[in-house]
Amino acid sequence: MITHSYIRRRLYEYIRGELPPEEQDVIERHLLTCKRCRIAHEQMTLTIQVLSGDTSLPSEERSVEFWNTFATRVEEQIQRTRGAVVQKETPISDAFQWILGMRWRTALSIVGGFAAIAAAFFLWQGHPATPDNRQTEVAMPVPSALERVDERMAQYLRKSQTLLVGLTNKRAAAGRPVDIDAEREASRALVNEARLFRHEPLDPRSARLVGDLERIFIEVANTEPSRRTADIDMIRSGIRQENLLFKVRMAQARFEPAQGK
Amino acid sequence: MPAGPSAEEEQLILRAREGSRDAFRCLVERHMKSAYNVAYSFVNDHHGAEEVAQEAFIRVYQSLESFRGDSEFSTWLYRIVTNLSLNRLKQIRRRQEREVSSLTEEHVGSVEYTGAMPGMEMSEHIERALHELPTMQRAVVILRHVDGLSTRQVSRILRCSEGTVKTHLFRGLEKMKKKLDYLQKDR
């Protein structure tokens with residue numbers, strides 16, 4: 001169903017002719033019948049006219065000389081940063097020198113300690129497996145790196161689904177703002193988890209979904225206490241518009257079977 | 001479907017990764033003005049915008065290896081600019097909070113701009129009204145309207161949904177309209 005807010009949020013694109021023809025038509029028809037949206041349309045057209053006529057880019061206010069030397073200044077800063085990194089490495093070499101300069105008894109005891117640990121490790125590795133041990137090894141194969149990613153992804157999706165459902169159903173108690181402290185906490189944890197997936201070999205569709213979820217969770221985590229009710233409505237509409245719950249369920253179907261569930 | 005960098009830009013990125021200074025310089029020169037404009041949209045002063053834009057290119061240089069090419073190079077760069085700008089704003093806000101604690105509420109409230117001031121150019125009125133918008137609304141209006149980026153690009157830069165971008169844009173323009181009402185009446 002087309003609502004007034006749906007129309008108003010597309011007015012900018014409508015005025016600039018950026019919408020697909022069928023959507024332009026829908027809005028045009030709505031404007032013929034709705035006075036409130038028509039006024040909003042007229043006001044936005046005027047505002048865009050005022051803005052378009054007189055808005056200059058901040059970069060145009062800087063001199064040609066400023067822009068001619070900008071790249072050079074960036075390069076110089078990079079050189080300085082590199083210099084700083086080399087400087088930072090000096091304490092490590094100092095530490096090596098300190099170890100080398102230690103009394104021979106201290107050095108000998110440290111080396112001896114490492115040798116004992118290494119010997120214990122080799123003995124443990126070389127110990128013949130008992131028949132029971134062998135059976136365990138066959139029964140519980142070590143999961144491959146890909147299986148571990150799938151498992152983590154399945155867990156991440158389950159948690160995301162729970163959080164999205166919770167956010168969608170969250171209602172404020174009468175006269176009080178929506179309490180989403182727990183959801184904000186969970187969102188922060190999920191944003192951190194999502195970032196770990198950036199370096200994993202995910203298929204493009206899943207990587208995109210993780211990115212979309214991350215954006216929503218960042219919004220939840222950054223919701224200000226004073227604007228919660230308005231912000232949470234916006235987040236909810238984002239979840240609906242991007243069809244996130246459906247996409248999460250579809251992704252779960254891809255990742256859950258990998259765990260034999 | 002997010003578009004990756006163009007073939008030419010991809011070549012520049014590859015060469016810059018391999019250590020070509022010319023290629024990196026070329027990338028900087030291509031994007032410096034837009035990075036500056038994005039930074040300015042947040043920090044609202046030329047000195048701050050310059051620092052943020054330069055720092056962003058240093059970060060780009062340091063993390064070119066991690067650029068996967070899923071999005072356009074400019075989107076990735078603007079996201080770095082946005083993060084740096086927001087961090088800068090947070091630092092400024094913290095500092096102001098410390099300084100403002102000694103002022104009365106009356107002083108703080110008097111900062112808001114409410115109408116026309118004699119001798120101001122139209123562009124000054126607009127700029128002033130624009131910079132009184134809340135940070136995200138201001139960023140969306142500038143990125144979308146002034147820089148001409150698409151809703152999807154802005155949503156990826158600001159890490160929010162396209163719906164949120166549209167809402168910020170609508171609310172931002174609505175507020176600007178109220179602030180600039182007297183200008184429209186004069187026309």
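Colleague: At what angle do helix H7 and helix H8 of chain B pack, and how far apart are their axes?

Modeller: Two packed helices are described by the angle between their axes and the distance between the axes. In this predicted model, local features need pLDDT of at least 70, side-chain atom pairs count only at pLDDT 80 or more, and totals for chains, interfaces and linings use all residues. Residues are numbered from 1 along each chain as its sequence is written, and chains are lettered from A in the order in which they are written. Here H7(B) (residues 135-146) and H8(B) (residues 151-158) pack at about 140°, with axes 10 Å apart. Helices are DSSP runs (H or I, at least four residues); axes are lines fitted to C-alpha atoms over the stretch in contact, with angles from 0 to 180 degrees between N-to-C directions.

Colleague: How are H7(B) and H8(B) therefore oriented to each other?

Modeller: They are oblique, the term for angles that are not under 35 degrees (roughly parallel), over 145 (roughly antiparallel) or 65 to 115 (roughly perpendicular).

Colleague: Which residues make the contact?

Modeller: Residues are in contact if their C-beta atoms, placed from the backbone, lie within 7 Å. H7(B) contributes B:Met136, B:Ala139, B:Val140, B:Leu143 and B:Arg144, while H8(B) contributes B:Thr151, B:Val154, B:Ile157 and B:Leu158.

Colleague: How many residues does the contact between the chains take from each?

Modeller: Chain A gives 37 residues and chain B gives 35. On the side of chain A that touches chain B, H6(A) gives the most, with eight residues.

Colleague: How many helices and strands has chain A?

Modeller: Chain A has 13 helices and zero strands.

Technical notes:
Helix = DSSP H or I, 4+ residues; strand = E, 2+ residues; numbered from the N terminus. Contact = placed C-beta atoms within 7 Å.
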